[in-house]
Each structure stands twice: as structure tokens, then as C-alpha cells.
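Please keep the sequence and the 3D view at hand while reading.

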Amino acid sequence: MASRTAAGARLPERPGPRRRAGSPRAQGRHLLRSLPAAQTLARVIRPCYGPQGRQKLLVTARGTTVLTGYAAAILRALELEHPAARLLREATHTQAESSGDGAAFVVLLAEALLLQAEHLLRAGLPRSQLREAYAAATAETLALLPSLAIRSLGPLEDPFGALYSVVNTHAVSGADCLTKLVAQACWATKELDGGFRRERVGVCTLRGGRLEDSCLLPGLALCAEPCGQVTAVPGGARVALFVCGFGLAGPNAPATARLSGPADLATFRKGSERLIEKQVAQLASACINVAVAWGDIDENALTQADKHNIMVIRATSRRDMVYLSEVLGTPLMCHLLSPPKPGKCRRVYQQELGEGLAVVFEWECPGTPAVTLVLRGATAQGLQGAEQAAYRGIDAYFQLCQDPRLLPGAGATEMALAKMLSEKGSKLEGPNGPAFLAFAQALRSLPETLAENAGLAVSQVMAEMNRAHQAGNFLVGVGVEGVINVAQEEVWDTLTAKARGLRAVADVTLQLVNVDEIVVAKQSATYQQDSNPVPKKAKECLFPVKDQLLGTME
């Protein structure tokens, strides 16, 4: 870093306290108290970055096992106590929710920028000037980013290449097959005016088989089965959705029925039965012939539904209920009442796929049909990863419909930005020069991580990439066996996700750079009590990451 700084402007000398900070004791301290937490998170996430990244086998606090390489899911499972680590996790989740990709990008680049900021602070750059210089470097990076978008996804072009990097980040295996299915589903539901509605693509997971056995079904499919004798509605289906049990509503508060004898009990039962008969009859009078409930199914209510030829389906996921509500255009009812506007579809039927069963709602309008991606897998963990990858791919296609511009992937964009920032930083005077060089060095750490995870010689790959980019070829990135031409290999990133990631990194980095001390308030006796006491040594063995993230307090 010293040699790079010498090429630019001279850093301001730190006044009198610099000699005190140069003591052996002061040199062991971190000027940025958030740096140790960022480094610990980066050590956890770095092996999962890129298409050759490895997976984490997570055991959550509830005891469930999750196999994933997605940074947001990993951070969600960690128990974090350091406030800087929590801030980084929040920025990562914001990026994941808004873009569907780039969670690991936020963590790794933020850690690299904080490390470079530590070097600049030790060289004597004041924090206020460092913040202004980093803000200027961020603005310059965001201004240069659109110039690298040399390609856009055409309205009639297959989106496979643009979706592969997103799907491959989440999928455990079979990214090629899964990306093709996601691309086909998105293409089939694209509207004539070029618009795209994410709710028209559903995802259903069924145990059994392989991922290659996955398929597309017309309409929306639920991983469920009919509960009563009516198993299909061949035509003119009118659907009601209930986010409650199919039967009498339970009381909101504990209640005790005071029955003085058998006669009162018989009267109570008859009253309940009459109420259920009335509610189901009201559904039938409103021409409702399909009822989907997210809750328990009452036997008496099911008997009455069979009497009125109403198909009752018990849903297992709230997400399925939301998707059905958006596609069919009917509200979610919290009581067993007729909806003001029932949902309409062509037919509802039961589909057997291998060892699993699915209920398919076939869409009525042929112009913009709904499609369900049925995923098959041997394990619940693999299906969960494939489902997450499919949803992120759908989100990425929605963003491409808003902004179709694509950037070179495989670390080529980061390397090109680093080259341009280095050239400009070497000519600037004052704090901006070293800050631009530090920003460029942080961006170079991302293709280095890609090469490291691919098992390549990092120094050799970076030398080849640097030589190619210096010659003006900014389409050179990191591949499985070495450097590749991303245009020939069809490896692209979306401009929207990359720009949002850079903004998220800049915001969280500028916040953490200005923190000089972390003060933890004294906990009250109520919060100090441990409901599940564990010996101190046992806690250190069970949660090593939590202790590393806490940092040292002075």
C-alpha cells in the first residue's frame, strides 16, 4: 500500500499524537473497531463466493439443517453480538431482498474497503477526509459502471446467460438444468408488451427423483392434495382462499363452556353443526366450488363441503396462498365467509408426479398464462436450495425487464473498475488520490477470491488479467481453468444488482469508518438471566464465531 500511495499525492502528516500511536502497544490496536467483525464475517463467506464456491452445512437454533452457499442465508443463521457485524448483515439482507444476488459481494467488498481504510488511517489521513475521499471514489465508481454495460438483453433473446450466475449462486448442483427451466418459465409468462409479473411463475417442490426430473406445468401448482371426496373441478372453478382453518373459528382468548348437563352438551353440538352448515351453504350459494385453507380442516365442515361438491385443499405454505391471491385476483379471507370477488380459473385438478402429489390451478387467460416450476429432489435441503435459486432467478429476470443492461461477469467488471480508478487516483492530489487507489485495491480482492475458490494460482491469474485489462480488454474474467473471455462464455451480471451492491457497500462502509469506539450498555438483571444456562467453556465451544465477532473492548 505504501508504494501505491507514493505514486499519488502525499498524505497529510498526523500531528503530535502520531508518536504516541506509533508505540508498540498502539500498533496492535485497530483504529477501526469494526474491522475485526468484518474480517470474521468475510472469513465465513469468502469460501462460498463465486460459481466454484463451497457450501455450508448449517444447524439453526431450532435444530434444522440447512445446506447452502448463499451469504444471506448463512448470515441469517449466525448468532451475532457485535453491532458492526449486525450492521453488515442488515446491508446484506437489503441487497438480497432488493436484487436477489450480490450478498457475498457486499460482505467481501466492505471488508476490503475497511482494511484499506485502516491502512490510510495509520498513514495519517484524518477520518473526515477519509470519508469525503471514499464518498468521491464511490461516486466515481457508480459513474463509470454504466460505461461497462456493453450488452443488453434483447426482447426476443434467451435469458439463460443472464440468469445463470444468479441461479448458480444458490443452487447446490444442477445449475444448468435449473437455469434452463427458470428461463423457460419466465419467457412463457412474459406479457406481450414486454412486462413481467413474478407471481405468474410459481415454484413447487416434491420429494423424490432428481433435479433433472423437474418440469413445467401450466397454471399454478401447490404441493398439497384434496382433503375430501371431491378431487377435481373440470371446468368453471371459482376459488376462495382462507388463511384460517376450514371450520369454526377458534376463540381469540381462553374460554370455558359451562355445561350443566347432557342436554346442554347436545345443544352446544347442534349449534356448532348448524353454524358450520350455514357457513358452507353460504359458500355454495356464492358458487364457490374450490376452497383453499391454510389451517386445520374440520371434519364436520369437510362433510358439508362434500355434500355441496366443494373441493377442499389444505395449503402448507403461506407463500402459496399469496401467489394464488395475486394471480386469481381474490383476497385472503380470515373467516369462513364468501369473498367479495372469487378467483376464477379454467379447472383445478390433482397431478401425480412420481411419488408426490400436486394440485394444479390451470390459468384461464391464454394470453398471459401462469406456469409452475415443479422441482424434484432426494433431500429437503437440496430442494430448499433449488427453490431459493429459482425464486432469485425469477427476481433477476424481473429486474432485467426493468433494465436489460448487462455487465461482464467473473470479476471482469471489478477488475476494469480497479484499472480506471487506479489511473485516475495516480493523477489526483490530496486525500482523493490514495482513496481512489485503496478503492481499486479493494475491488481487485474480488477476482482474487474467485481464483482462490477455483483452485487456481492466484498470482498468475491476476497477472494475466491485469495484463489484459491494461491492454484495453476488459472482457477477461476468472474461469474454472484460468482466465476466460466472458462474452464468449456468456457470463454476465445485471447492472441493477451491481449498482445496488456498490451503494449498499458504500453506505455501510462510510458509517463504520466514522465509528471510533463501540460502547455496550450495561444489561439489566432481567436480561442477564439465562433461561437455558450453559457453562462458559461449553458456550465457547458451541459458538466460536460469536466470540470472534464481539471484538475487544478497551
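A salt bridge is defined here as a side-chain nitrogen of Lys or Arg within 4 Å of a carboxyl oxygen of Asp or Glu. The model is a predicted one, in which local features need pLDDT of at least 70, side-chain atom pairs count only at pLDDT 80 or more, and totals for chains, interfaces and linings use all residues. Residues are numbered from 1 along each chain as its sequence is written, and side-chain values use heavy atoms, with hydrogens and water left out.

The structure contains eleven salt bridges. One of them joins Glu118 to Arg122, with the closest N and O atoms 3.0 Å apart. Both residues belong to helix 7 (residues 103-122), where four residues, about one turn of the helix, separate them; helices (H or I, at least four residues) are DSSP runs, numbered from the N terminus. Glu118 is buried because its relative accessibility is 4%, whereas Arg122, at 34%, counts as partly exposed. Buried means under 20% relative accessible area, exposed over 50%, and partly exposed in between (1.4 Å probe, protein chains only).

A second pair to consider is Glu414 and Lys498, whose side chains form a salt bridge at 2.7 Å, N to O. Glu414 lies in helix 15 (residues 412-425) and Lys498 in helix 19 (residues 495-513), so this pair ties together parts 84 residues apart in sequence. Both Glu414 and Lys498 are buried. Together with Asp493, they are linked in a network of salt bridges.

Helix 15 also holds Glu423 and Lys419, four residues apart and thus separated by about one helical turn. Their side chains meet in a salt bridge of 2.9 Å, N to O. Glu423 is partly exposed at 37% relative accessibility, while Lys419 is buried, with a relative accessible area of 18%.

Technical notes
Helices (H or I, at least four residues) and strands (E, at least two) are DSSP runs, numbered from the N terminus.
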